[in-house]
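Please keep the sequence and the structure in view while reading.

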Amino acid sequence: RDGIADLNRIPLSIVERIEVVRGPGTIMYGSSAVGGVINIITKTGKEKMETKLESKFGSFRTITTSLSNGYKINNFDYFLSYDYFKSKGHRINSNYKSHNSYINMGYDVGEGNRISLSSGYYKASIGSPGRIENQDVDDRQDAHNAFVDFTWDGKFLKGQDILLKLYHNNDNLKFIETFDPRSQSTHLTKV
């Protein structure tokens with residue numbers, strides 16, 4: 001929509017590691033990677049089942065809670081998570097509340113061949129306080145995102161690797177003028 005990635009939509013509970021590639025990465029990541037790439041690798045199930053429940057509390061009545069579970073059984077693995085975040089914010093109408101769910105399932109078809117299916121849903125309600133000198137006490141944004149991603153990562157022909165992705169992304173951002181709920185602007189992106 002605006003050339004900026006909203007990293008709030010990627011909860012830390014699903015991040016395995018982050019790779020930073022400086023400079024042009026067009027050979028590996030495509031023509032849009034001229035300035036570099038931040039590659040976020042998400043978790044998969046491990047051979048030892050892991051279930052994790054975390055709650056954190058902070059200033060401005062901030063609460064984060066996450067629940068995740070992952071496991072690998074023979075050639076099949078899964079990882080799922082749910083994250084909740086809520087904060088009153090540091091000024092009037094800067095509150096934030098989000099729900100984020102994620103699932104990743106994979107199957108090792110053969111040596112060096114893996115198919116995976118991942119899906120997620122993100123919903124957030126965000127206060128929009130405006131400028132400090134002219135605060136808006138009731139406007140807000142509602143964000144919804146849903147995606148599904150099917151990936152085959154493996155060997156195509158002898159000595160040739162393949163990475164095939166089929167995905168659908170539905171991104172909806174709505175700005176609401178609360179004094180007149182009919183006054184809304186909505187931006188919908190489908191990929």
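Met-105 stands opposite Leu-117 in S7. Strand S7 covers residues 113-127, and S6 pairs with S7 in the antiparallel sense over 14 bridges. Strands here (E, at least two residues) and helices (H or I, at least four residues) are DSSP runs, numbered from the N terminus. Two strands count as paired if DSSP finds at least two bridges between them. Another bridge partner in S7 is Gly-120, which faces Tyr-102.

A hairpin is formed by S6 and S7, with 2 residues between them. In its turn, Gly-112 has a positive phi of about 75 degrees.

## Neighbouring strands

S7 is also joined by 14 bridges to strand S10 (residues 140-157), and the two run antiparallel. Within this pairing, Ser-116 stands opposite Thr-151 in S10.

Strand S5 (residues 76-87) pairs with strand S6 (residues 96-110), again in the antiparallel sense, over 12 bridges. Here Tyr-84 has His-99 in S6 as its bridge partner.

## Basis of the model

The model is predicted: local features need pLDDT of at least 70, side-chain atom pairs count only at pLDDT 80 or more, and totals for chains, interfaces and linings use all residues. Residues are numbered from 1 along each chain as its sequence is written, and side-chain values use heavy atoms, with hydrogens and water left out.

## The chain as a whole

The secondary structure of the chain comes to 1 helix and 12 strands. Along the sequence, their order is β-α-β-β-β-β-β-β-β-β-β-β-β. Taken along the principal axes, the C-alpha atoms fill a box of roughly 65 × 40 × 30 Å.

Of the 191 residues in the chain, 26% are buried. Buried means under 20% relative accessible area, exposed means over 50%, and partly exposed lies in between (1.4 Å probe, protein chains only).

## A positive surface patch

Arg-61, Lys-86, Lys-88, Lys-97 and Lys-123 form a positive surface patch. Patches consist of residues with over 30% relative accessible area and no salt bridge, with like charges joined within 9 Å and nonpolar side chains (Val, Leu, Ile, Met, Phe, Trp, Tyr) within 5 Å. A salt bridge is a side-chain nitrogen of Lys or Arg within 4 Å of a carboxyl oxygen of Asp or Glu.

Arg-61 lies in the loop between strand S3 (50-58) and strand S4 (62-73). Arg-61 counts as exposed because its relative accessibility is 64%.

Technical notes
Accessible areas come from the Shrake-Rupley method with a 1.4 Å probe; for residues, only the protein chains shown count as cover. Lys and Arg count as positive and Asp and Glu as negative; His and the chain ends are not counted. The place of a charge is taken as NZ of Lys, CZ of Arg, CG of Asp or CD of Glu.
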